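Trainee: I am new to this structure. Please take me through a single part of it, step by step.

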Amino acid sequence: MLRCSAYIPDVKSMSIRAEQSLLGCLLVDPATRQQTFSLVRAEDFADPWHAAVYAALRQTPEGDSLDVAAALAERVGPLRADLPRLHLLIHDLPVRPDSA
C-alpha cells in the first residue's frame, strides 16, 4: 500500500528554515527591512523565538545586529534572548552562488 505521508514534506521544519533564512538576511542587510516589515508580521512566525527576534528587528529598523540583540534581550530577558542562537541566524545563512 502506498503511503501518501511519505511524499508530504515536513512543513514545520521547512517553515522554521525559511524563518531562519529571513531573519538572517534581515540581520545582515538592514536595507531590506522596511519592505519586509510591510509584508510580514511577528504573528506570522511559527517559532515564538523567531517572532521575538522579528519584533526586536522592527524595534530597531536601522540598527545593526548588536542593536537587535540588545532590543531582544530587553524584550524577552537575557536568558530567553539566547544570543548564541541569534548569531547562528547569520552564520547559517545559505551561501549565494555568486558570492564565491
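Leaving aside its neighbours within four places in sequence, which residues is H50 in contact with?

Mentor: This is a predicted model. With neighbours within four places in sequence left aside, H50 is in contact with I16, E19, Q20, L23, F45, R85 and L89. One of these partners is also joined by a polar contact: the side chains of H50 and E19 meet at 2.6 Å. H50 has a relative accessible area of 0%, so it counts as buried.

Now place H50 in its setting. H50 belongs to helix α3. The protein has six helices and zero strands. Along the sequence the pattern reads α-α-α-α-α-α. Helix α3 takes in residues 48-59, twelve in number. From first C-alpha to last, α3 reaches 17 Å, close to the 16 Å expected at 1.5 Å a residue.

Look at the start of α3. D47 caps the N-terminal end of the helix. A side-chain oxygen of D47 lies 2.7 Å from the backbone nitrogen of W49.

Next, burial. Across the protein, buried residues make up 33% of the 100 residues. In α3, nine of the twelve residues are buried, so the helix is largely enclosed by the rest of the structure. The buried residues are W49, H50, A51, A52, V53, Y54, A55, A56 and L57. Keep a general point in mind here. An α-helix has 3.6 residues a turn, so residues three or four places apart point the same way.

On the α3 side, the contact is made by W49, H50 and V53. On the α6 side, it is made by R85, L86 and L89. By class, this contact has four nonpolar, one polar and one charged residues. R85 and L89 were also among the partners of H50.

D82 sits in the loop between α5 (78-81) and α6. Its phi is positive, about 50°, although D82 is not a glycine. With 32% relative accessibility, D82 counts as partly exposed.

Turn to helix α4, residues 65-76, which holds A71. A71 is buried, with a relative accessible area of 5%. Beyond its neighbours within four places in sequence, A71 is in contact with A56, Q59 and T60. Of these, A56 is one of the buried residues of α3. A71 and V53 are 18 residues apart in sequence, yet their C-alpha atoms are 8.7 Å apart in space.

T36 contacts Y54, along with L22 and L26, once neighbours within four places in sequence are left aside. Y54 is another buried residue of α3. The side chain of T36 reaches the backbone oxygen of T32 at 3.0 Å. T36 has 13% relative accessibility, so it counts as buried.

Finally, step back to the whole protein. Take contacts between residues at least 6 apart in sequence. Of these, 57% join residues at least 24 apart.

Methods
Residues numbered from 1 in each chain as written. Predicted model: local features only at pLDDT ≥ 70, side-chain atom pairs only at ≥ 80, totals over all residues. Heavy atoms only, no water. Helix = DSSP H or I, 4+ residues; strand = E, 2+ residues; numbered from the N terminus. Expected span 1.5 Å × (residues − 1). Buried < 20%, exposed > 50% of the residue type's maximum accessible area, 1.4 Å probe, protein only. Polar contact = N/O pair within 3.5 Å; in protein donor to acceptor, adjacent residues only side chain to side chain. Contact = heavy atoms within 4.5 Å. Nonpolar A, V, L, I, M, F, W, Y, C, P; charged D, E, K, R; others polar.
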